Amino acid sequence: LCRTGILLYGECLSLLLSKIIGYAVVAGSMFFKVPQVQKIVSKRSARGVSLLSTVLEAYPALTVFAFSLRRGYPLNTFGDSFFVLLFDLIIIMLIYRYEYPNRVSVSYLITAGFVAACGVMCTVLPIGLLETMQATSIVMLIASRVTQIWANYSAQSTGELSI
C-alpha cells in the first residue's frame, strides 16, 4: 500500500503515524531536560539533584542506545535515549561543578567512562550480554527514581530539581 503512493490508508497510515510519533518523541527528548540544565546554571547550584540518581538514570539510556544502535533499529525508535544520556552527562558535570568544585575532574572521568562504555557496547560487547544489560535497565531506572525521592525526602526540599 505504501509503495503505491496511498499514504493515508490502512497499514500505511499506521506506519506513517508511528514514524511521526517516534520522531516527535526524539525531538521532545532533545528539550525536556533543558529547563533543568538552565535552572542549575542560572542558580549556580545543583542542590537537590541527586548525583547517584543521575548516574543510575544514564545507565538505561546508555544500554538502550547501544543495544538499538547495534541491532540497527531505526533512529525514531531509540534516538531519545541518546539525548537523555547526553543531558544526564551534562547534569553530572554541572553537579560536580557547583556542588563538588574541588572534584570537577571526576565528572570528566564519569563522562569519559560512559563514552568509552558506549563505544565498547556498540562494537565489541557480546550481544547476549548487551541484551541482559538492557533487560536490567528498568531496575536501574526505578533505583534512580527511588534514590532521587529519598534525597528529596531527606533534605525536605527539591532544591534545584523542580522547574
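**Conventions.** I number residues from 1 along each chain as its sequence is written, and I take side-chain values from heavy atoms, with hydrogens and water left out. As the model is predicted, local features need pLDDT of at least 70 and side-chain atom pairs count only at pLDDT 80 or more, while totals for chains, interfaces and linings use all residues.

**Entry 1, largest pocket.** I worked on a 1 Å grid over the protein atoms alone, where a pocket is an open set of points at which a 1.4 Å probe fits, with protein on both sides within 12 Å along at least five of seven lines, and where lining residues have an atom within 4 Å of a point. Volume here is the space filled by probe spheres set on the points, which are joined across faces, edges and corners. For the largest pocket I noted about 260 Å³ of space. Its lining comprises 13 residues, and Lys33, Gln36, Glu57, Ile91 and Leu161 lie nearest the centre. Helix H3 (51-71), helix H4 (79-99) and helix H7 (137-155) are the elements that each give two or more residues to this lining, and H3 gives the most, with three. I take helices as DSSP runs of H or I with at least four residues, numbered from the N terminus. Sorted by class, the lining of the largest pocket has five nonpolar, four polar and four charged residues; I count Ala, Val, Leu, Ile, Met, Phe, Trp, Tyr, Cys and Pro as nonpolar, Asp, Glu, Lys and Arg as charged, and the others, Gly among them, as polar.

I then turned to the second largest pocket, which holds about 200 Å³ of space. Among its lining residues I listed Glu57, Pro60, Ala61 and Val64, along with Asp80, Ser81, Val84, Ser137, Ile138 and Leu141. H3, H4 and H7 are the elements that give two or more residues to the lining of the second largest pocket, which divides into six nonpolar, three polar and three charged residues.

I located Phe78 in the loop between H3 and H4. Phe78 counts as buried (under 20% relative accessible area, with a 1.4 Å probe and protein chains only; exposed is over 50% and partly exposed lies in between), because its relative accessibility is 3%. Leaving aside residues up to four places away in sequence, Phe78 touches Val64, Phe65, Ser68, Leu69 and Tyr73, contact being heavy atoms within 4.5 Å. I also checked Phe78 against Leu94, and the two are 16 residues apart in sequence and 25 Å apart in space, C-alpha to C-alpha.

I found zero disulfides in the structure, a disulfide being a pair of cysteine sulfur atoms within 2.5 Å. Cys118 is in no disulfide, and the nearest cysteine sulfur, that of Cys122, is 3.9 Å away. I recorded Cys118 as buried because its relative accessible area is 13%, and Cys122 counts as buried because its relative accessibility is 18%.

Most residues other than glycine have a negative phi. Against that background I noted Arg44, which is not a glycine and yet has a positive phi of about 55°. Arg44 lies in the loop between helix H2 (34-43) and H3, and I marked Arg44 as exposed because its relative accessible area is 55%. Gln156 likewise has a positive phi, near 55°, in a residue other than glycine. I placed Gln156 in the segment after H7, where Gln156 is exposed, with a relative accessible area of 63%.
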